[in-house]
Amino acid sequence: MHFLAASIESLGAKLAGWFTVGYDTFAFLTRASLLLLDRTTWNHATFDVVMKQVYFTAVQILHIFLGYSLVISWLIISIILSTARDFGLTAFASEMTIRVLVLELLPFLTALFIALRSGSAINTEVALMQVNNELDALAHCKVPPMQFEFLPRMVGGVISVVLLAGLAGLSALLLAYLSIYGASIAGFEPFTQTMAKIFDFRIVAGLLVKCALFGLAVTLIPITAGLETPKKLFMVPVSVLRGMMRVFFAIVAIEVVSLALKYI
Amino acid sequence: MTAVAALSDDVARVALELPLRANLSALDNIALIPLYQRHYGVSESTRQAGAILDQLGHPEIAPLRDPDMTPAQRFVAKLARALILKRPRLVIDRPGAMLYDVPYPEFIQQLAAQDAMSGIWEIFDFSWNRDLYNQALHSE
């Protein structure tokens with residue numbers, strides 16, 4: 001009986017904890033969204049931080065990211081093509097490639113890549129700022145941390161993920177064409193027809209929204225996790241661990257919901 | 001200490017628990033204030049920040065980030081940040097906690113004696129350090 005009560009109590013505490021985290025994250029997002037629309041938020045310094053964030057998140061790693069996405073794309077395209085040939089479904093190879101790679105796998109891998117590289121860095125930086133009182137110092141100087149530190153990172157993160165996923169998708173399309181039809185332009189018409197069939201407004205809008213949500217997840221969650229850090233230096237790794245776990249679950253949840261909306 | 005921390009918004013504080021942004025240079029830390037509060041452009045804000053460091057006699061710290069500064073340089077950067085806030089009162093909170101590498105009453109006195117410095121700087125310190133200030137005043 002005592003064990004049952006303790007288990008229920010523990011489960012209740014966990015649920016309450018998750019609810020609090022979820023509530024705090026959405027409250028933060030609401031505040032950020034309102035400030036995003038506020039004209040006074042946008043000044044030289046804010047734009048500067050957005051540019052820096054896009055540079056560090058997307059531009060600085062562009063060559064590595066492109067190499068990584070091309071290798072993955074080439075492998076997946078090869079698997080799809082060989083399987084399609086085995087089953088006599090070559091006519092569907094290009095459609096399959098676009099649906100699997102461009103719409104699902106590449107945005108998902110882009111989000112994971114950015115989460116591991118930039119999300120973890122943002123989480124650590126915000127946690128250290130919290131522990132070292134840097135946020136209090138900014139508040140004392142009436143430099144609002146939301147406008148100066150957090151909002152530009154979120155905007156930069158969303159822009160970076162959308163751009164990188166778009167770039168990876170375009171390079172995968174090119175690679176798919178070359179793998180299926182070779183360097184000839186003979187396949188241009190059927191390939192573009194397949195693309196036009198798949199990329200209707202709903203799919204393109206859904207892809208953009210999904211990438212934007214990925215971008216938000218890899219920046220918003222690390223920021224809120226960093227802000228939750230108690231003012232103790234040894235809690236910084238714990239904060240990053242928690243933040244990155246939440247980012248992973250959020251990315252998976254966004255992908256699952258997107259798949260369910262499209263195919264169920 | 002609690003009383004100092006609870007000072008109103010018209011006070012600019014220089015304190016150990018109000019650090020500089022670690023990933024920004026001293027100049028950028030100071031330039032943030034005109035950039036955000038007065039909406040100046042980047043170049044004008046940087047010019048104003050540089051001018052304050054010049055007035056304090058420490059222009060060499062402009063490109064340094066917090067971890068690369070000595071305690072005295074860090075103090076100067078914090079002081080410059082407090083000065084550029086242009087608040088009616090400036091409070092230096094327990095300078096001994098920040099200036100442990102220099103004889104600090106003399107050091108603060110030298111900074112305050114720079115030509116362009118004006119206003120009153122209030123120092124909050126432990127009572128047992130009173131002799132240090134007396135010595136500095138008598139050595140003038």
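Helix axes are here lines fitted to C-alpha atoms over the stretch in contact, and the angle between two of them runs from 0 to 180 degrees between N-to-C directions. The exercises below concern a predicted model.

**Exercise 1. Describe the make-up of chain A**.

Solution. Step one is the inventory: chain A holds 9 helices and 0 strands. Read from the N terminus, its elements run α-α-α-α-α-α-α-α-α. Step two is the extent: along the principal axes, the C-alpha trace of chain A spans about 65 × 60 × 30 Å. Step three turns to packing. Of the 264 residues of chain A, 34% count as buried. Among contacts in chain A with a separation of 6 or more, 85% join residues 24 or more positions apart.

**Exercise 2. Determine how α1(A) and α6(A) are oriented to each other**.

Solution. Begin with the axes: those of helix α1 (residues 2-36) and helix α6 (residues 145-181) of chain A come within 11 Å and cross at roughly 95°. Next, apply the cut-off, by which angles of 65 to 115 degrees count as roughly perpendicular. The two helices, α1(A) and α6(A), are therefore roughly perpendicular to each other. Then identify the residues that meet: α1(A) supplies Arg31(A), Ala32(A), Leu35(A) and Leu36(A), while α6(A) supplies Met146(A), Gln147(A), Phe150(A), Leu151(A) and Met154(A). Finally, classify the residues of this contact: 7 are nonpolar, 1 is polar and 1 is charged.

**Exercise 3. State which residues of helix α2 of chain A are buried, and what covers them**.

Solution. In helix α2 (residues 44-59) of chain A, the buried residues are Ala45(A), Gln53(A), Thr57(A) and Ala58(A). Their cover includes α3 (62-86), α4 (93-131) and α6 of chain A. Chain B also takes part in that cover, through its α2 (26-37).

**Exercise 4. Locate Val161(A) within the largest nonpolar core**.

Solution. This core has 87 residues, and those touching the most other members are Val161(A), Phe214(A), Ala217(A), Ile30(B), Leu79(B) and Ala80(B). Now list the partners of Val161(A), leaving aside neighbours within four places in sequence: Thr110(A), Ala111(A), Ile114(A), Cys211(A), Phe214(A), Gly215(A) and Val218(A). As background, nonpolar side chains tend to be buried together in soluble globular proteins.

Conventions
Residues numbered from 1 in each chain as written. Chains lettered and ligands numbered in written order. Predicted model: local features only at pLDDT ≥ 70, side-chain atom pairs only at ≥ 80, totals over all residues. Helix = DSSP H or I, 4+ residues; strand = E, 2+ residues; numbered from the N terminus. Parallel < 35°, antiparallel > 145°, perpendicular 65-115°, else oblique. Contact = placed C-beta atoms within 7 Å. Nonpolar A, V, L, I, M, F, W, Y, C, P; charged D, E, K, R; others polar. Buried ≥ 20, exposed ≤ 12 C-beta atoms within 10 Å, placed from the backbone. Core = buried A, V, L, I, M, F, W, Y, C linked by C-beta atoms within 7 Å.
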